[in-house]
Amino acid sequence: MSQKNWDVIVIGGGPAGATAAATLRQAGRSVLVLEKAKFPRFHIGESLLPYNRSIFDELGVWSKIQAAGFMVKRGAQFWMGDGSIHTRMNFSRGSFTEFPESLQVERATFDDILLRHAEELGAEVREEALVTEHRVEKDRVTVKFRAKDGVEHEVQAAFLMDASGLGNFTANRENLRDYYPEHKKISIFGHYSGVQMTTGEEKGDILIIRRENSWFWMIPLSDDKVSVGLVLDQAQFKALKKDPQEVFDDAVQNTRALRERMINAKPITQGHVLTDFSYTNRKLVSDRIVRVGDAAGFIDPVFSSGVMLAMSSGRQGAKVVHAAIAAGKAYTFAMKRYEWATRRHVSGFWQFIERFYTKHFAQIFFQPSNKFRLLCAINCTLAGRTQMTFGTWWRLRLFFTLVWIQKYHPIAKPIRIR
């Protein structure tokens with residue numbers, strides 16, 4: 001180790017951890033990043049949101065991301081499983097949305113760019129370093145980790161930022177994780193070649209294909225590589241009594257809108273599974289600890305909010321940590337404000353996610369009207385905008401009121417979800 005005492009130790013080198021480390025280095029803080037994997041490594045969650053761009057610019061990493069040649073994403077398409085109806089959100093046409101496009105990225109490459117950028121800014125990065133213990137004391141945090149060679153190390157810092165992802169290291173040790181009781185999902189996914197995706201102006205769009213009680217994503221990563229994933233209830237998966245890949249393949253064959261696009265598909269990698277990924281932590285901050293990214297909680301991949309929420313929380317969390325160190329305090333009111341702001345940003349997506357699985361939401365959402373610019377308000381929220389104006393707020397309230405009315409007194413044409 002180049003030094004034994006740091007301003008901040010960051011657990012995890014994914015988008016949240018790399019963003020936090022880069023932000024702290026921009027503020028002049030000494031940073032140690034402890035990452036258990038060796039980058040680049042495979043990861044899911046490849047579709048970004050337009051408002052990621054503002055964070056790229058603030059970090060000074062946009063030119064490196066541009067140079068990687070990722071697929072441009074200009075919209076998101078939502079399809080019924082039988083192909084009978086679909087709608088498209090075009091990010092360039094929302095009157096409240098400031099960024100007209102985003103990217104589809106291979107996370108192995110994208111995450112490596114972010115981590116190397118933090119390293120170039122001066123953060124020390126230790127990969128294949130497994131954190132085994134942390135201890136908060138009056139004036140410091142002590143962290144123990146095991147290096148690749150098996151040697152145990154102990155390091156200290158003024159603050160610890162937990163960006164350990166779904167591993168949720170510090171919160172699990174404090175029993176802070178709460179699962180969404182009615183939202184226990186499993187995802188089965190892989191990368192495929194030979195998939196028929198949209199072309200022309202719609203090239204690069206993510207496709208969300210809604211089935212009765214589940215859904216597929218289709219994310220084009222290049223001209224001949226597409227990420228395809230199935231998300232369904234854990235209880236439904238268990239009742240099928242089949243292995244994950246068999247469940248995936250059966251669902252493809254029984255979903256017309258997907259089957260036609262996958263008719264010539266060949267697997268590049270398949271059979272990956274994630275489960276129990278929808279949860280929240282009761283506390284995001286405590287003395288000398290700030291949790292960011294998936295270590296602050298994760299909701300659902302349906303609206304591609306994961307990387308946006310991770311990088312946003314990583315940047316804002318790092319700023320309050322920097323201020324706390326400058327003030328010589330273990331806990332500040334700004335840290336609590338960070339927690340409130342992060343929960344508010346997550347709730348902006350959650351209000352769509354929890355309703356997405358209901359029929360009355362689909363009947364309104366799949367037959368959109370831009371009267372009163374309702375669609376524009378939905379567009380900017382799902383594009384990742386963190387600050388909601390009064391104009392977008394009341395339009396969203398009206399939209400969800402219409403969804404509620406649809407449940408009891410249909411005002412939109414009924415749609416069969418198959």
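This briefing walks through the sheets, hairpins, aromatic pairs, cavity and backbone details of the structure above. The model is predicted, so local features need pLDDT of at least 70 and side-chain atom pairs count only at pLDDT 80 or more, while totals for chains, interfaces and linings use all residues. Residues are numbered from 1 along each chain as its sequence is written, and side-chain values use heavy atoms, with hydrogens and water left out.

- An open sheet of seven strands runs in the order 5-4-13-14-15-12-16, with mixed pairing; strands (E, at least two residues) and helices (H or I, at least four) are DSSP runs numbered from the N terminus, and two strands pair if DSSP finds at least two bridges between them.
- The edges are taken by strand 5 (86-90) and strand 16 (266-275), each with a single partner strand, so one side of each has no neighbour in the sheet.
- On average, neighbouring strands of this sheet are turned by 15° against each other, direction ignored; the axes behind such angles are lines fitted to C-alpha atoms, for helices over the stretch in contact, and angles run from 0 to 180 degrees between N-to-C directions.
- Helix 7 (residues 244-253) packs on the sheet and touches strand 12 (185-193), strand 14, strand 15 and strand 16, where contact means heavy atoms within 4.5 Å.
- The direction of helix 7 makes about 100° with that of strand 15.
- Eight bridges pair strand 14 (residues 214-222) with strand 15 (residues 225-233) in the antiparallel sense, and Trp215 stands opposite Val231 in strand 15.

**Two hairpins**

- Strand 4 and strand 5 are antiparallel, with five bridges, and Ala76 has Met89 in strand 5 as its bridge partner.
- These two strands form a hairpin with five residues between them, and Gly83 in the turn has a positive phi of about 75°.
- Strand 8 (residues 130-136) and strand 9 (residues 141-146) pair in the antiparallel sense over six bridges, with Glu133 partnered by Lys144 in strand 9.
- Four residues lie between strand 8 and strand 9 in their hairpin.

- A second open sheet has three strands in the order 11-17-20, with antiparallel pairing.
- Strand 11 and strand 20 (297-298) stand at its edges with a single partner strand each, so one side of each is left without a neighbour in the sheet.
- Three bridges join strand 11 to strand 17, and Tyr179 stands opposite Tyr279 in strand 17.
- The model holds 28 aromatic pairs; rings of Phe, Tyr and Trp (its six-membered ring) pair if their centres lie within 6.5 Å, and planes under 30 degrees apart count as stacked, over 60 as edge-to-face and the rest as tilted.
- One of these pairs is Tyr179 with Tyr279, which is edge-to-face at 6.5 Å centre to centre, with 65° between the planes.
- Tyr179 lies in strand 11 (residues 177-179) and Tyr279 in strand 17 (residues 279-281), so this pair ties together parts 100 residues apart in sequence.

**The cavity**

- There is one cavity of 30 Å³ or more; on a 1 Å grid over the protein atoms alone, a cavity is a set of points where a 1.4 Å probe fits but cannot get out, and lining residues have an atom within 4 Å of a point.
- The largest cavity holds about 90 Å³ of space, a volume being the space filled by probe spheres set on grid points joined across faces, edges and corners.
- Its lining includes Leu49, Lys73, Ala76, Phe78, Met89, Phe91, Ser304 and Leu382.
- Strand 4 (75-80) and strand 13 (206-210) each supply at least two residues of the lining of the largest cavity.
- By class, the lining has 10 nonpolar, one polar and one charged residues; Ala, Val, Leu, Ile, Met, Phe, Trp, Tyr, Cys and Pro count as nonpolar, Asp, Glu, Lys and Arg as charged, and the others, Gly among them, as polar.

**Backbone details**

- The peptide bond from Phe39 to Pro40 is cis, with omega near -5°, and Pro40 lies in the loop between strand 2 (31-34) and helix 2 (52-59).
- Asn168 is not a glycine, yet has a positive phi of about 50°.

Methods: 1 Å grid on protein atoms, 1.4 Å probe; cavity = no way out; pocket = protein on both sides within 12 Å on 5 of 7 lines; lining within 4 Å.
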